[in-house]
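Here are my notes on this model, as numbered points. Please read them with the structure open.

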Amino acid sequence: MAFPLFQFTLENSIEGTLEIKEPEGWDDGVLKLERNKDYHSLVEYWDQPLTFDDAEATDIFSGDTLPGGLEWIKNIEDTQGIGAIITIRIKISTDSGVSFRQIFLGTLAIDTVKEIDFYKAEYGVLRTDGWAKLINRKSIPIDIEAIVDLDGNSIVPPISQTITLPSQIIRSEFERDTGFDMNSTQASSAVGTTSYLIWDNSNVVVDEVEDREEYGSQISPQNPTEFSKYLFKAKYAGSYRFRGGIPYSLIFSSSVNVTSKFFFSVISGGSLTETELLSNTASATVFEQYAATLFDETVNLSAGDEVYIYGRVTTNISLSEMIYAPDFNYIFLGIDVYTTLFVTSDTFFPETTTKAFNIKSAGEGILSKITGISPSLLSDYLTSGCGAIYSIMKGLHIRGYNFTEKQFFLSFNEWWEGINPILNLGLGYEDTQVRIEPKSYFYDPVPSVYLDFVNMIERSYEVDRVIKSVEIGYEEWSAESKSGVDDPQSKRTYTTSLSVLGKDEKILSKFVAASLAIEQTRRNGKDKTKDWKLDDKTFIISMNGTTPELDENFIFISGLLNSSSRYNSRITPARNYMRWQNYVDGALQIPSGQEVKFSAGEGNYSMQSQLKPDDCEATDQTPEPIINEKGNFDVDDNFLCTPKMYTFDHPLTQEEYDTINANKNNAIAVSRTDTNHLACFIMNLDFKPTRLIGTFEVLVKGLAPVPPIPEDKTANTLTGESLFTGYSPTVTVASLPIDTLTGQVIGTGFSPTVAVGPPA
């Protein structure tokens, strides 16, 4: 192979193209492949500023005179400003200039200019593709439905969804406080022969059952059921259970014959249903019912139904005064007996609809506005895989606003920081499109190239991969009710065996997935003028077609109230951790048999669930494991890589670099000899094309050697299949080098034949 030659071309949309001589600094130039810490894919950069002047040079092969390019660059800078786009295209020839192929395309970073006495200027070099736009614009809020991109060009918007939200049953509670001074609740009144007794119900421990009116403890001449002096009015339909005890004291102005009764009554649709709870008759000046009569009544109520619990006192004479103490008579008895009331409701709300976007459509809508490319997002996992079932919307949309009334604004950062902590994703760039798949996609252990006789290896640890604890779940989950603690979509903390080292890893989604928070937000749609603290939060719902997934894909769910009506049982923190386990377990392979232990939780961590064996996310275990939200996890060998890092320099041809670059998701195979190679994942590769040497930082996949392949030590990049599976295609064109970008034999212009059979 001839010594490589390089060609440099500058391009601008207004000024056209200009082939220039080799810029200063090119000899020290580095093509860098760096694994992005947030997205886990390898990204190529040019890591060396270039210096331009106006001196000319002669091309030794063509005899053409090549300018230095500085005047051309400065003219564009002067006329188009600091935001001007000047592309630099770098090509290589390995056949003495017969043919050239592109090895890098970037832009000059005009804002980095360092001009020297007006005859030289140094510029940094940036990527010029959608990746560069994504990194620069990922924090900008985007109107997902907009029909123009951020550069003002027309773009096809994603298709929104209208999804139906059936009711989730919410459990709410009311509990009357029994520990306050009852002297303050005495009531007296001039009365006739019939009076009605009403409780003071303002001092409560838990107050979730709406709507409730407060009339105070009183003696009334009016029957409360005839004047709507109800104890509760049902805001939502459902099953209501009322439990309590009724002690009280009555003091009359003189000894009378008295009959006292208490009633539990419901007015529904204008009809009164009355149940007598207790009845006492006596002749006395002081009448006491201090052994509290207990009651327990369960009724099905419709929205607007009224509930009454009240007393009726009849006497044989008209009274001038009667004193009513609705708890106990301390003076006469010296004992404490309290009125108690506990209400538990399981309520539902008519189904509603909401505008939403499928998770991939939302990502596409954001990325297309950023990059100007449509379609901009490639993803098997989010298109037809296990990640395709999720939809997102704002709280305001759940409450009933459409996208015209309340646009759906979301930055890519917000989209990523919502979905990635749930699904454990990676992101890369392929040609002009973004590729998003599970993180394991970007850690393919099949090597793209084999490196033999690697020496002077330095070993260390990538400390960011050594994890002592994981907090996983959701940043925000709690709704404004005691019932919200039944939401399992909250937070969990797990600890590893690393007691004196390691980092604390936070994997918390910015989306709201709490099922009862979704339901309470949905019910607030009844009053669009009312602000709700979750209005501007982004919600996520696991879908089954056009309705939320409930329990249909589970063998059972336990420890969760009304589990058959609850959303998002698939994306609890424990199940999210299962998706992230391959990232955590790499540092825990030695010793074997370790556990990652549950150490803390919020919300409902008593839930257990078991998926059906044919579910998309079912494991290969039989039976399918039961996932306990406060359970531990066994460390297994399905990990991405270990934190063991090797650093070394090694000769690298342009073809080998091209092969690595064309197969960024694959490992490379490294050996100190020419056998027993270990699969390693590149974290950073600095390749100097003018010196044909690479500086590698790699993480070791594991200790097991990868299988050997044929003598050329190059995997088959034409078919994407492994050469060491037993029956994979192998190239039969002797040992000629193959251009992995074109599939042709370098320097010949023809493609190789392929024979199917076992490797040579």
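1. Which residues in α4 meet F412, W415 and I419 in α7? They are I359, A362, G363, I366, L367 and I370. Contact here means heavy atoms within 4.5 Å. An α-helix has 3.6 residues a turn, so residues three or four places apart point the same way.

2. A word on the basis. This is a predicted model, in which local features need pLDDT of at least 70 and side-chain atom pairs count only at pLDDT 80 or more, while totals for chains, interfaces and linings use all residues. Residues are numbered from 1 along each chain as its sequence is written, and side-chain values use heavy atoms, with hydrogens and water left out.

3. The overall picture. The protein chain has 10 helices and 47 strands. Helices (H or I, at least four residues) and strands (E, at least two) are DSSP runs, numbered from the N terminus. Of its 760 residues, 52% count as buried. Buried means under 20% relative accessible area, exposed over 50%, and partly exposed in between (1.4 Å probe, protein chains only). Take the contacts between residues at least 6 apart in sequence: 74% of them join residues at least 24 apart.

4. Helix α4 covers residues 359-371 and helix α7 covers residues 412-423. Their axes come within 10 Å and cross at roughly 150 degrees. That makes α4 roughly antiparallel to α7. The crossing is left-handed, meaning that the near helix is turned anticlockwise from the far one by less than a right angle (right-handed if clockwise). Axes are lines fitted to C-alpha atoms, for helices over the stretch in contact, and angles run from 0 to 180 degrees between N-to-C directions. Angles under 35 degrees count as roughly parallel, over 145 as roughly antiparallel, 65 to 115 as roughly perpendicular and the rest as oblique.

5. Helix α4 also meets helix α2 (residues 130-137). These two axes come within 9 Å and cross at roughly 105 degrees. That makes α2 roughly perpendicular to α4. On the α2 side, G130, K133, L134 and R137 make the contact. On the α4 side, the residues are L367, K369, I370 and T371.

6. Look at D143, in strand β11 (residues 142-143). D143 is buried yet has no salt bridge. A salt bridge is a side-chain nitrogen of Lys or Arg within 4 Å of a carboxyl oxygen of Asp or Glu. The nearest side chain of opposite charge is K369, 6.9 Å away. Lys and Arg count as positive and Asp and Glu as negative; His and the chain ends are not counted. Leaving out residues up to four places away in sequence, D143 touches K369, Q407, F408 and F409.

7. F409 sits in strand β27 (residues 409-410). F409 is partly exposed, with a relative accessible area of 40%. Beyond residues up to four places away in sequence, F409 touches I142, D143 and K394. The C-alpha atoms of F409 and T538 are separated by 9.7 Å, although these residues are 129 residues apart along the chain.

8. How many salt bridges are there? The count is 32. One of them joins R101 and E655, with the closest N and O atoms 3.5 Å apart. R101 lies in strand β9 (residues 101-116) and E655 in helix α10 (residues 654-662), so this pair ties together parts 554 residues apart in sequence. R101 counts as buried at 14% relative accessibility. E655 counts as buried at 10%.

9. Is K506 buried or exposed? K506 counts as exposed, at 60% relative accessibility. Its salt-bridge partner E471, at 2.4 Å (N to O), counts as buried at 18%.

10. Last, helix α9 (residues 573-584). Of its 12 residues, 11 are buried, so α9 is largely enclosed by the rest of the structure. The buried residues include R575, Y577, R579 and W580. R579 also belongs to a network of salt bridges, linked with E549, R570, D615 and E617.
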